[in-house]
Amino acid sequence: MQHIQQWGETLRLLVELAGTAAFALSGVLEGARKKLDAVGIFVVGFLAAFGGGTLRDLLLDQRPFFWVRHVEMLWGVMLICLLSMLFMRSQHLEVTQKTIAIPDALGLGLFAATGVDQALGAHMPALVVVLMGVITGVFGGVLRDIVCNEIPTTFRDHQPYAVCAFVGGWAYLGVWELGAPGWLALLTCLLVTAGLRGLSLWRQWRLPVWLG
């Protein structure tokens, strides 16, 4: 039983690390697209990587924050920002919105899964659990876009974004209620959330727009 619990904690940490890396990369790409200086790119990368998880920890009253408990995440994001900037400068890459969408969709799915997992561990009601997944997955990208003087993507492009995390959260709960292993619930949430986001971009799905 102890082995299973340790594997669960290891899986949670790996998913959190992967989501942090994906959103940090999306922040670096957005900062590069906006032609920010090195300090600006680091700031945007950190906000994208840690914004959603920090708000989740605040709402769930979890201390210390996840990036304080695992300070290696701070070093990792710094390294991602530095290496990404050096690589893009050496290759003279032109960053587009489509380029940013790839790590952004992956980070959305990963962080939605960790948000649901943390809220379940705090014994929250089902709707709160799902909304924690949405908040964790969406808020880092919102901060990234605001700092880059953009209306956040989740509100601007009229394509499903937070909705994808919402559906993914319920998919997590459905698998979990069936008694499946925790890793399978995490994987289901990731695939459903990121898959729906990718499919919405590919098929150009649109949410209803306010016409008033």
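Buried means under 20% relative accessible area, exposed means over 50%, and partly exposed lies in between. The exercises below use these cut-offs on a predicted model.

**Exercise 1. Find the nonpolar patch on the surface and say which helix gives the most to it.**

Solution. 
- Name the members. The patch consists of Leu127, Leu131, Val163, Phe166, Val167, Trp170 and Leu207.
- Give its area. Together these residues have about 540 Å² of accessible area.
- Assign the helices. α6 (126-147) and α8 (162-177) each supply at least two residues.
- Pick the main contributor. α8 gives the most, with four residues.
- Check one member. Val167 belongs to α8. Its relative accessible area is 35%, so Val167 is partly exposed.

**Exercise 2. Describe α8: its span, its buried residues and what comes just after.**

Solution. 
- Take the span. α8 has 16 residues and runs 23 Å from first C-alpha to last. That is close to the 22 Å expected at 1.5 Å a residue.
- List the buried residues. They are Cys164, Ala165, Gly168, Gly169, Tyr172, Leu173 and Val175.
- Recall helix geometry. An α-helix has 3.6 residues a turn, so residues three or four places apart point the same way.
- Step past the end. Just after α8, Gly179 has a positive phi of about 85 degrees.

**Exercise 3. Examine the backbone at Pro64, His123 and Gln204.**

Solution. 
- Most residues other than glycine have a negative phi, and most peptide bonds are trans.
- Take Pro64. The peptide bond from Arg63 to Pro64 is cis, with omega near -10 degrees. Pro64 is in the loop between α2 (38-59) and α3 (66-69).
- Take His123. This residue is not a glycine, yet its phi is positive, about 60 degrees. His123 lies in the loop between α5 (97-121) and α6. Its relative accessible area is 71%, so His123 is exposed.
- Take Gln204. Its phi is also positive, about 60 degrees, although Gln204 is not a glycine. Gln204 falls in the segment after α9 (182-203). At 47% relative accessibility, Gln204 is partly exposed.

Definitions and conventions: Residues are numbered from 1 along each chain as its sequence is written. This is a predicted model: local features need pLDDT of at least 70, side-chain atom pairs count only at pLDDT 80 or more; totals for chains, interfaces and linings use all residues. Side-chain values use heavy atoms; hydrogens and water are left out. Patches are made of residues with over 30% relative accessible area and no salt bridge: like charges are joined within 9 Å, nonpolar side chains (Val, Leu, Ile, Met, Phe, Trp, Tyr) within 5 Å. Accessible areas come from the Shrake-Rupley method with a 1.4 Å probe; for residues, only the protein chains shown count as cover. A salt bridge is a side-chain nitrogen of Lys or Arg within 4 Å of a carboxyl oxygen of Asp or Glu. Buried means under 20% relative accessible area, exposed over 50%, partly exposed in between (1.4 Å probe, protein chains only). The expected span of a helix is 1.5 Å times one less than its number of residues.
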